[in-house]
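Subject: Structure handover and notes

Dear colleague,

I am passing on the structure we discussed, with the sequence alongside. Please look it over first; my notes follow below it.

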Amino acid sequence: MAEAKGRDPLGLRAGGEGTITGTVVCAAAIAYSGGHTDSVAALSGVILGTVAVYWIAHLHAVTIGSALTHRHHPLAAFEHALGETWPIAGASVVPLAVLLAASLFGADLRTAAWIALGASIALLTAYSYLAGVRGGLDTWGRIASGLAGLGLGLLVVALKVALH
């Protein structure tokens, strides 16, 4: 399957691991903090802060790993790591936009958080299905891949239910 041409500033089309990681981190932040914050602005801050910490930690790990394993100069390793890890941060944009849009359309904080969590689960399912497509799986393999993403999202829902 040919790659789509064009800009990918968030790294979501090419992000693979980072896209999944960023979406799960974002979903987990929503799941936990949706019941512990008092405004959409506060929840947005938690999401951005949590994703930033995970992204910076992964950026550091990939930089150090590249420098140690491949003996790359630290600046070259950092540049490589930046490209590899950017999708972790980029993946938070869609669920955050859904949260803000739901709020702008009148949803209360709890409802907006559930809608954003649902969007995150839909994204995990779609990303996983797309991985099956790009990996050349047959129809049942693609469905199984999508269901694996859905299962990951449902684990986050289980976390939310258990914590609230």
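A residue is called buried here when its relative accessible area is under 20%, and please keep in mind throughout that this is a predicted model. By that cut-off, the buried residues of helix α6 are G141, S145, G146, G149, G153, V156, V157 and K160, and they pack against α1 and α5. The end C-alpha atoms of α6 lie 36 Å apart, which agrees with the 36 Å that its 25 residues should span at 1.5 Å a residue. K160 also lies over the face of W114, at 5.1 Å from the ring centre.

Helix α4, covering residues 93-104, reaches 16 Å from its first C-alpha to its last, close to the 16 Å expected for its 12 residues at 1.5 Å a residue. Its buried residues are P95, L96, L99 and A102; seen down the axis of α4, they fall within an arc of 125°, so they line one face of the helix. What covers them includes α1 (17-33), α2 (40-70) and α5 (109-134). Just after α4, G106 takes a positive phi of about 100°.

The structure holds one aromatic pair, formed by W55 and W86, with an edge-to-face arrangement at 5.5 Å centre to centre and 75° between the planes. Because W55 lies in helix α2 and W86 in helix α3 (residues 74-90), the pair ties together parts that are 31 residues apart in sequence. W55 is buried, with a relative accessible area of 17%, whereas W86, at 34% relative accessibility, counts as partly exposed.

Finally, S66 has its place in helix α2 and, at 4% relative accessibility, counts as buried. Leaving aside neighbours within four places in sequence, S66 is in contact with R71, H72, A77 and H80.

Notes:
Residues numbered from 1 in each chain as written. Predicted model: local features only at pLDDT ≥ 70, side-chain atom pairs only at ≥ 80, totals over all residues. Heavy atoms only, no water. Helix = DSSP H or I, 4+ residues; strand = E, 2+ residues; numbered from the N terminus. Expected span 1.5 Å × (residues − 1). Buried < 20%, exposed > 50% of the residue type's maximum accessible area, 1.4 Å probe, protein only. Arc of directions from axis to C-beta. Contact = heavy atoms within 4.5 Å. Phe/Tyr/Trp six-rings, centres within 6.5 Å; stacked < 30°, edge-to-face > 60°. Lys NZ or Arg CZ within 6 Å of the ring centre and 35° of its normal.
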